[in-house]
Amino acid sequence: MLSKITVSPAPHISQKLSTQRVMGDVIIGLLPAMAAAIWFFRLQAALVILTCVTACMASEWICGVIRKKENSLWDLSAVVAGLILAFSLPPAIPLWAAVIGSAFAIVICKMLFGGLGANIFNPAMAARAFLTASFGMLMTTWTVPATVDSAMPHISATNTATVTQATPLAWAKSAIKGKAEVTEANGLLKNTFWGNVGGCLGETSSLALLIGGVYLLIRRTITFHIPAAVLIAAGVFAAVFYFVNPDKYSDPLLHLFGGGMLICAFFIATDPVTAPLSIKGMWIFGAGAGALIMLIRLAGEYPEGVMYAILIMNAVTPLIDRACKLVPAGGKPHVQ
Amino acid sequence: MVLGSGFYVLSFHENDKLNISKGLNKMSKDVSLGKTFFAGIWDSNPVLRLLLGMCPTLAVTAAVKPALTMGLSVVFVLLFSNIVVSLLRHQLKPHLRILMFTLTIATAVTIADLYLKAFMPEMSASLGPYIPLIIVNCIIIGRAEACASKNGLIVSIIDALGMGAGFTITLCVLAAIREVLATGNIFEITVMPGSFTPWAAMGMPVGAFITLGLILGAVNIISKKTA
Amino acid sequence: MSNNETKNPILFFMQESWLLLVSAILFGCLLACLSAAWQPKIIQNEIDKFNALAGGLLSEAKGFQNAGESISVDIGKGKTYSVRVKKGTDAAGNLVGWAFVCEGSGFADKIKLVVATDAAFEKLAGFGVLSSNETPGFGDKITIKDGFYQSQFKGAPVTELELTKVGDAETIDSRIVAISGATVTSEAVVKTFNTFLLPIKEAMAEQGLL
């Protein structure tokens, strides 16, 4: 009898805000990007996405059986983890690697920490880090989108230039190192916005990600604080470098639209489990992530920094939460 | 001798505290040699149950060969220190005992290090500083303190062998898992099919932490079920 | 008890620590004996390792002897590294090439190389890795004997080497193609060559070896 009554402190809001609804919204928000991925990379993309989602759900179910816990498949969090992992993989990734990544995300990064809500790190990003450490070659082989004409510029170590293509950020990195003209990177800006470039599955089309992000904001599944903080911090960081030396550093817009910046701002950094709870904390978290991404992109060895930036900020999230404790209404209670 | 006797009481108090594990307490009462030996392998396995000696466990287990060399070096050092400490246990001044233990262990480690440098130079180069670091391995000083300084020669030898075996077996199991996944080989013999793509991460520190964590979890589950 | 307090401090010290002192002396003697017995073997091992690596690079060489004075090379940041060049000779005692040990900073740790050149110090005979701790699967490809990376140095001219990402690894020239995914390590090796090769050549010419 009691289990049917929800006991909670005021305010009493009748709207049902369940994990399932939030995750369902995130999935709907990711649909435009999924459509773009399948449009640009065709069957490859569809297979990778399908594999990741299926493997994540299977891992979640097996863990539930082993732990003798209620089946947690229908909170849809495994689907979201699978989608985000798939979106952060290169299209040509072998499917067995996608399965290993999915299992790692769910079993090691989520279930071993105690399941949804108890994981410290974003499962998809931690799994991607593991895949990058394990299969570095596979994780940096970029496929040319099916819609690209062969006249586009290519960078390649070998003569198989038709198979692989450098991402806009790889161009930007080459420009920083003085091995390519910065104008070539900036020339990719338009294609980067539409998604007509090489890159991870879900990060190519900025337009699709923006549509999904706006949907989440309208549905109030996420608040604007983290995305705004990420984009402002990264934009300011990139703009400062650009105005100091435009011959070396590429357009800040390329950095905002290129790589995983938008998917990070709207879908990864806003993960309610691994981001801070308070508004102030969200600003700090987002700004830290944005600044770290740009620091890695502009001064680091890697062309892209979203994964490590998110993992580092995940690690400091408990500290941020501690520093930004909410003061209860009426002021701090007096401790005797 | 006010000062001296003060230390005496204090140090024996410390001794009691050091016997933190159940396995350790049992040991000094129960002198059954078989039990003493197997305690080191399972009940109070230094790595899996006491979580001692984590540094070599994580650092040299990328492949079975260095792990085995490390394990056998620890067996030698443990045996040497347990024998010497056990023989001298009645002469030990309680407040100087740690100095004596360290001196003994350092001697044994230097012997092991010289031996490896002379007869297994490649292994010595790949183990690098981890052989000299056995000096600060808690397993050895822990056994000297908890077992050898209170028990006779035979018990101390069996204890050293059991603990050493437990350490070596654990390291080899951990290393075998990591070597198979990171290179497709075990003991430098290829076991995986040619199409296998090595998981480079398993050869890196991250692989050591994850594998050790999973093994510890599995051991906890098994011992809970059998308890 | 009151007697003890007036006791001779030296006697008290001896009473307490005789065991430590005696064992320290005994253990010290034990180590000294073992060290004396094994030290020649250890030194021989190091020479063997160098000879095996350098001999693999200079196939005609039967032995290596120290040549000239040791050369101190400026490795930047005000530090110097002392190099002892060795002369490789064939069975008849003719000069067939030179070999030396040098080191540079890699991705994870220092990379120690054995570098060999021909008799005129004009062309490289390649390099071997004495010790390195580079990332498995990426940077550690520099240690593969006759691998894609090492073989680019065989026959390359003794000049400033240049690292490229794009290029033909088959052509032997001063352009070295980086290992994909291990740019830092590839750069480190090339930088080590650039730091050591020309200063050593200059110093050897000064010493009248060339």
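The model is predicted: local features need pLDDT of at least 70, side-chain atom pairs count only at pLDDT 80 or more, and totals for chains, interfaces and linings use all residues. Residues are numbered from 1 along each chain as its sequence is written, chains are lettered from A and ligands numbered from 1 in the order in which they are written, and side-chain values use heavy atoms, with hydrogens and water left out.

**Cysteines**

- The whole structure holds zero disulfides over all chains; a disulfide is a pair of cysteine sulfur atoms within 2.5 Å.
- A:Cys56 is in no disulfide, and its nearest cysteine sulfur, that of A:Cys52, lies 6.3 Å away.
- A:Cys56 is buried, at a relative accessible area of 0%. Buried means under 20% relative accessible area, exposed over 50%, and partly exposed in between (1.4 Å probe, protein chains only).
- For C:Cys29, the closest cysteine sulfur is in C:Cys33, at 6.6 Å, which is too far for a bond.
- C:Cys29 is partly exposed, with a relative accessible area of 42%.

**Chain C**

- Four helices and nine strands make up the elements of chain C. Helices (H or I, at least four residues) and strands (E, at least two) are DSSP runs, numbered from the N terminus.
- Their order from the N terminus is α-α-β-β-β-β-β-β-β-α-β-β-α.
- Of the 210 residues in chain C, 40% are buried.
- Contact means heavy atoms within 4.5 Å. Among contacts in chain C between residues at least 6 apart in sequence, 49% join residues at least 24 apart.
- Chain C exposes about 11000 Å², and carbon and sulfur atoms supply 56% of that area. Accessible areas come from the Shrake-Rupley method with a 1.4 Å probe; for residues, only the protein chains shown count as cover.

**Chain B against chain C**

- Chain B brings 28 residues to the contact and chain C brings 25 residues.
- About 2200 Å² is buried between the two chains, with 80% given by carbon and sulfur atoms. Buried area is the accessible area (1.4 Å probe) that two parts lose on being put together, summed over both.
- Zero salt bridges are found across this interface; a salt bridge is a side-chain nitrogen of Lys or Arg within 4 Å of a carboxyl oxygen of Asp or Glu.
- On the chain B side, helix 1 (2–18), helix 5 (64–87), helix 6 (97–119), helix 7 (121–127) and helix 10 (200–203) each supply at least two residues that touch chain C.
- Helix 6 of chain B gives the most to that side, with twelve residues.
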